[in-house]
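These are my notebook entries on one structure. I set down each item as I looked it up.

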Amino acid sequence: MAELVRNLRKCHKGLRLAFALVVLMATCVSLAACSKTGRYPVWEYNRQNNVADLENLSQNPSDYLTHSAHTPVMTLAEQAVQFSALKTYHYAPWRQTKPSLSKEDAFWGNSAYPYGLGYAENLLPWTEAAMSRLVDSQSMETYPSMARHAITVRTSSLRVLPTVKPYFFNPALPGEGFPFDYYQNSSVHAGTPLFISHASISGEWLYAETAYASGWILANDVAFVTKEQEQLVMSGTLYAIMCDNVTLQTAEGQYLSTGFVGGVFSKAPKSGGESVSAVAGSAEGEKKARTKKDVVESMTQHKHDDMQYKMISAMEPRSYVSLLVPARNSLGQAEFFSAPVWTEQAAEIPAPLTPRAMAELAKHIIGQRYGWGGLYLDRDCSSTIRDLFMAFGVWLPRNSGPQAERGKKVISLKGLTASEKRDVIIENGIPFFSLIGLRGHIGLYLGYEPVTNMPFMLHDLWGVRTFNADRESRAIVGRISITTLRPGEERRDVKKDYFYSRILKLQIKPGMWENK
């Protein structure tokens, strides 16, 4: 019996040792997993920045349409007024003979962003020497040094100072650092008319005025135009790009530029508009058909023999329109080329403005990443709104404040409670047309949920403000999205009614309701 007890004790001791080894191995595996998670904390980052609206609400704008989705929100007469104003503003730089900005206004960034407050791309402060070289490169004493008309040949940026280097405020502060580069004034679409008033010492940068913003632009992104070229562009029918990343190339396949929603081009003379499936029997008709085949092969990046082409054309007839797209030659002068695009990629301005039409256009950019000032070919809140309205012949200013102010009827919501603001928006707002203006932000009103009376808004939001022990931070949204007017309020670190407290205006009918 004693021997049996001793054996049982030995066995028990062995089992305890084995169990301890299993626990140790499990702990090591767990620590290794934690270490890996620490190196790649994407799931944890997403959890910390979670905003329930993005998961609970449909991000398809069409899901917010009502039975009146096909009803125009403007009469034909109203839209004609808007479109007339758009053309006047769009081509305004080509009517200029001298700068509209004084030297102080053109170089306002020198005093607004001194070296003592700014941080560079390495998140270290700008040095006085580096800032002095940059300021000197502007040759301010010779401003204005020219007066020339030009056009952008690709999507570019208007910079506060002539550099691609960023200027951040203290990255340790909430809502500062990346992506808020204060040297970025605005993006500018390819095909935008410009007035050029000055050049940097090196000639690498030009000072440009558009109808909505001004700043330094890379010279290689610009081409100078002649009076004849201006007349050619202005006499053409205006078309708007209806989806992002539209390749603009010649019928021979030569790349010219890329079009984005909000971009505007004139229709090329004597081209486009015919169905790809149209085949004529005459010699002239056969020549046109052969040209069409070449165009389609260029647009689809795929070669077809005659039989394949006829089969594809019969099965899926498509139409294209040719746009007048500028390029820069070796002397810096503009040359214009005919660039065919499918008709679903471009629409004649003004397109009928109905809630459904706006929803369909918004589908093409919903979910796009936030880009301060249009950096990285993305959009911020105001450029999102401006680009959406362009196709419908509605010209809007560049920044959120003027956008909320400029229109036929604006209602001030300042001083009202959250529930009072909600009621005014629901009672007066026009879904897919009215704008909700906040302090430093703007979005498109989509309508409301009838049971809860919860308004919906499409906007490009960087983040929701959070507060932990009075320490302010951001729950990053960072994209064009659809939310309620209470984004993030399910979080314990988001103050109730905070988003509502920043809502200042409802612009019922935005746009330019009288010509310039």
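In which helix does Q79 lie? I located Q79 in helix α4 (residues 76-90); helices (H or I, at least four residues) and strands (E, at least two) are DSSP runs, numbered from the N terminus. The model is predicted, so local features need pLDDT of at least 70 and side-chain atom pairs count only at pLDDT 80 or more, while totals for chains, interfaces and linings use all residues. Residues are numbered from 1 along each chain as its sequence is written, and side-chain values use heavy atoms, with hydrogens and water left out.

I traced an open sheet of five strands in the order β13-β12-β11-β8-β14, with antiparallel pairing (two strands pair if DSSP finds at least two bridges between them). Its edge strands, β13 (334-342) and β14 (346-348), each pair on one side only. Within the sheet, β8 (residues 238-241) and β11 (residues 264-267) pair in the antiparallel sense over three bridges. I noted that A240 has V264 in β11 as its bridge partner. Helix α8 (residues 227-235) packs on the sheet and touches β11, β12 (320-328) and β13.

Terms used:
Contact means heavy atoms within 4.5 Å. Axes are lines fitted to C-alpha atoms, for helices over the stretch in contact, and angles run from 0 to 180 degrees between N-to-C directions.
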